[in-house]
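Happy to have you here! Let's walk through this model together, one question at a time.

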Amino acid sequence: MNKVFGTIKKTQPYLGFLILGGILSLAPALVANTQWFLFAWLTIFAGFVVYSIASLGMNILMGYGGLASLGTAGFMGLGAYLTMVLTVDLGLSFFPVLILTILATTVLGILVGLISLRVEGFFLAIATLVIAEMLRQVFQQMPLLGGHAGRTMPAFPTISIFGIAEWTLNRNQTYIMLVIFLVIAMFVTQLLFKSATGRALSAMRGSESAAAAMGISIFRGRLLAFALASGFAGAAGSLFMFFMPFTNPNHWNLVLSLFIFAVVVIGGVRSVAGTVLGAFIVFAVPQLFIARLPIIGDISGMDFVFTGVLIIVVVLFYPAGLVYMPISIKNGITKLINKRKKGGETA
């Protein structure tokens, strides 16, 4: 019996990821009755899914590696532009483009990881911000990438099987494909967290000197954290282009990096479910609900205000993240009940 319950406990997160993927995949059917909802809501949900993937990489880097980065938007932009060039100019299909994009952004992440060995904390965040801004300047100045005006590519990906059979996905199919990749990213992240590598990264986050004393390689740990985070960001940028096939340099700016950073803080550090929850709150809630409120919804920049206020509330009352809020409330109620019981017994 203990083995059965132990197996259920181990598989519970993965079953939850599959259920979440199934629910998100229903979005096209749920909003298909009205054409306006089909376009607007599906675009919002697709953006939320893409940013969730990038945020999972940030959680690996920050939550387990203990490394601060403000360069996520730059890696996402690199993934988006590489996808455009490989698809439009070289004529490659979806899977080769995605694989090459992930490899390229991962290699760049390893190079950034090498730089990170020289700097710490605030200086590391500044270094990653500079790298992201350098990438954005490259996007602006290269005519091949469309410069300031940006560039488009054919809508939705073409799937090819060994050049024999190929077909182009429609809008709904592309969205479901994004959801599938989100579930895969959640599985990969959860498996990493539970592995010996995840435990080594966690030890490194707590104290690098103590981790080194236990035989953990700080060099390999940092490189791995940056490689995974940048690979996730590159994949997210690539998937972004396949669903919303237009990009310009202004999209991949510091604000996006800060929002992704906020996702991890609000949702929950070292939590896969918390990261997805945080991405929904930061990227979907302002567009789905706050923008529709009377008066408030007409004020420009309310998404910034909403995210800023929420960060303050989370830091003050739920520093571990909103995903742990039910547990925190339950523990608070339990303490209150126990306190009253002790008071009654004393009386």
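Q: Is Phe 122 buried or exposed?
A: Buried means under 20% relative accessible area, exposed over 50%, and partly exposed in between, with a 1.4 Å probe and protein chains only. Phe 122 has 61% relative accessibility, so Phe 122 counts as exposed.

Before going on, a word on the basis: this is a predicted model, where local features need pLDDT of at least 70, side-chain atom pairs count only at pLDDT 80 or more, and totals for chains, interfaces and linings use all residues. Residues are numbered from 1 along each chain as its sequence is written, and side-chain values use heavy atoms, with hydrogens and water left out.

Q: Is Arg 151 buried or exposed?
A: Arg 151 sits in strand 1 (residues 151-152), strands being DSSP runs of E with at least two residues, and helices runs of H or I with at least four, numbered from the N terminus. Its relative accessibility is 19%, so Arg 151 counts as buried.

Q: Which side chain makes a polar contact with the side chain of Arg 151?
A: A polar contact is a pair of N or O atoms within 3.5 Å; within protein, one must be able to donate a hydrogen and the other to accept it, and residues adjacent in sequence count only if both atoms are side-chain atoms. The Arg 151 side chain also reaches the backbone oxygen of Leu 144 at 2.7 Å. At 2.9 Å, the side-chain partner is Asp 89.
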